[in-house]
Amino acid sequence: MTIPKTSAVIGSGTMGPGIAALLARYGSTVRLNDISEEALTRAETACSGASAVLDQLQIPTVPGGSVSYELDLTAALDGADFVIEAVPETIELKKSVLAQIEAAVATDVVIATNTSGIPITDMAASMAHPERFIGMHWSNPPHLIPMIEVIRGDQTSTEVETALVEIVRAFGYEAVVEKEIPGFIENRVLYAIMRECLSLLEQGVATQEDLDTCVKWGIGYKLAVIGPMRLLDMAGLDIYTSVSSYLNPDLSKESGISPLVRELTEQNRLGMKTEDGMYPYGEGDVAAKRADILRGLVTVRKALSEIKPV
Ligand SMILES: NC(=O)C1=CN([C@@H]2O[C@H](COP(=O)(O)OP(=O)(O)OC[C@H]3O[C@@H](n4cnc5c(N)ncnc54)[C@H](O)[C@@H]3O)[C@@H](O)[C@H]2O)C=CC1
Ligand SMILES: Cc1ncc(C(=O)O)c(C(=O)O)c1O
């Protein structure tokens, strides 16, 4: 399967609209579904924004693609060749939505989940046809970050994995096919970074601004060009051995949720979505920051497409 003729994206919050816009750009007829009419209204703006970004990246439009916004789940799923689930990250909700999806599509329709790291096998436990269910972990923003993790559950068929890799590559994206482990690869590494940053912030060793500046320029910039395994060879494994001998024992071992994040979440200070989180946001700040982020990601994506990261 290359790009599916008809797709359904279930959940149109942070991730759904960008996923839908990319599928449509490549010619799929996409139905974007949500239980919230307000979310679907916001999604129309988000999809237009994502499409404008794809224009900036000069991604050609394959004729025939479209996005429609469907409050009714059965209507959204009617005749779908491919379904992506992108509802909130709780396994009970995902299982419930998967059951509804299975009831509405043919038994051979591929159902992919955008879970950030819930084991696919666990999610598939109550499915009638787990062989067609697979992890398809996009990174935010999905229409810009050209790498998707593909994760089989223990009953996912190899044909479905092959079909999904074909779809990912049809977007010109990197497909990383992985073993099933909580958090997969990307989030295990990302959350190790976040854990250490939050620990340094909680200890008063660094401010949010210090952490963002140091990680962006000292790590992110470098790792955008040089992968961490290649960087080990560049630095020298002897250096890594010396440094990790004293540093690894000193790194954060926090196994729970960061106390600071827990406190902010309990205060409903969730970040941009509530205009207050790690940073405060005044009038217009969120829109301005989002625009800056998109501008930066487009610029870097274009620059990186000039080279082949090592
Ligand atoms: N936000 C992020 O940076 C990333 C999130 N993910 C994963 O993608 C999934 C979605 O995440 P977000 O888009 O951030 O969540 P979100 O909370 O922004 O959006 C979820 C949407 O699902 C809708 N929804 C809830 N129950 C539903 C149902 N029964 N049927 C249809 N829609 C329903 C909500 O109304 C909401 O609009 C999660 O599994 C998350 O872990 C993956 C990569 C990145
Ligand atoms: C904080 C955070 N958590 C999860 C994810 C994900 O990839 O699932 C991301 C992301 O950048 O996509 C993230 O920033």
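An oxygen atom of ligand 2 sits 3.4 Å from an N or O atom in the side chain of Ser 139, a polar contact (a pair of N or O atoms within 3.5 Å; within protein, one must be able to donate a hydrogen and the other to accept it, and residues adjacent in sequence count only if both atoms are side-chain atoms). This is a predicted model, so local features need pLDDT of at least 70 and side-chain atom pairs count only at pLDDT 80 or more, while totals for chains, interfaces and linings use all residues. Residues are numbered from 1 along each chain as its sequence is written, chains are lettered from A and ligands numbered from 1 in the order in which they are written, and side-chain values use heavy atoms, with hydrogens and water left out.

**Ligand 2**
- Residues around ligand 2 (a heavy atom within 4 Å) include Asn 140, Tyr 191 and Met 194.
- Helix α7 (residues 186–202) supplies the largest share of that shell, five residues.

**Ligand 1**
- Here 23 residues surround the ligand, and Thr 14, Asp 34, Glu 89, Lys 94 and Ser 116 are the closest.
- Oxygen atoms of ligand 1 lie 2.8 Å from a side-chain N or O atom of Lys 94 and 3.0 Å from one of Asn 114, while a backbone N or O atom of Thr 14 comes in at 2.9 Å.
- Alone, ligand 1 exposes 830 Å², and the protein buries 79% of that.
- Helix α4 (residues 91–104) gives the most to this shell, with three residues.

**Sheet and helices**
- Eight strands form an open sheet with mixed pairing, in the order β3-β2-β1-β4-β5-β6-β7-β8.
- Its edge strands, each pairing on one side only, are β3 (66–70) and β8 (174–178).
- Helices (H or I, at least four residues) and strands (E, at least two) are DSSP runs numbered from the N terminus, and two strands pair if DSSP finds at least two bridges between them.
- Strand β2 (residues 29–33) runs parallel to β3 over five bridges, with Asn 33 partnered by Glu 70 of β3.
- Helix α2 (residues 37–56) lies across β2 and β3, at about 165 degrees to β3 (contact means heavy atoms within 4.5 Å; axes are lines fitted to C-alpha atoms, for helices over the stretch in contact, with angles from 0 to 180 degrees between N-to-C directions).

Key: Accessible areas come from the Shrake-Rupley method with a 1.4 Å probe; for residues, only the protein chains shown count as cover.
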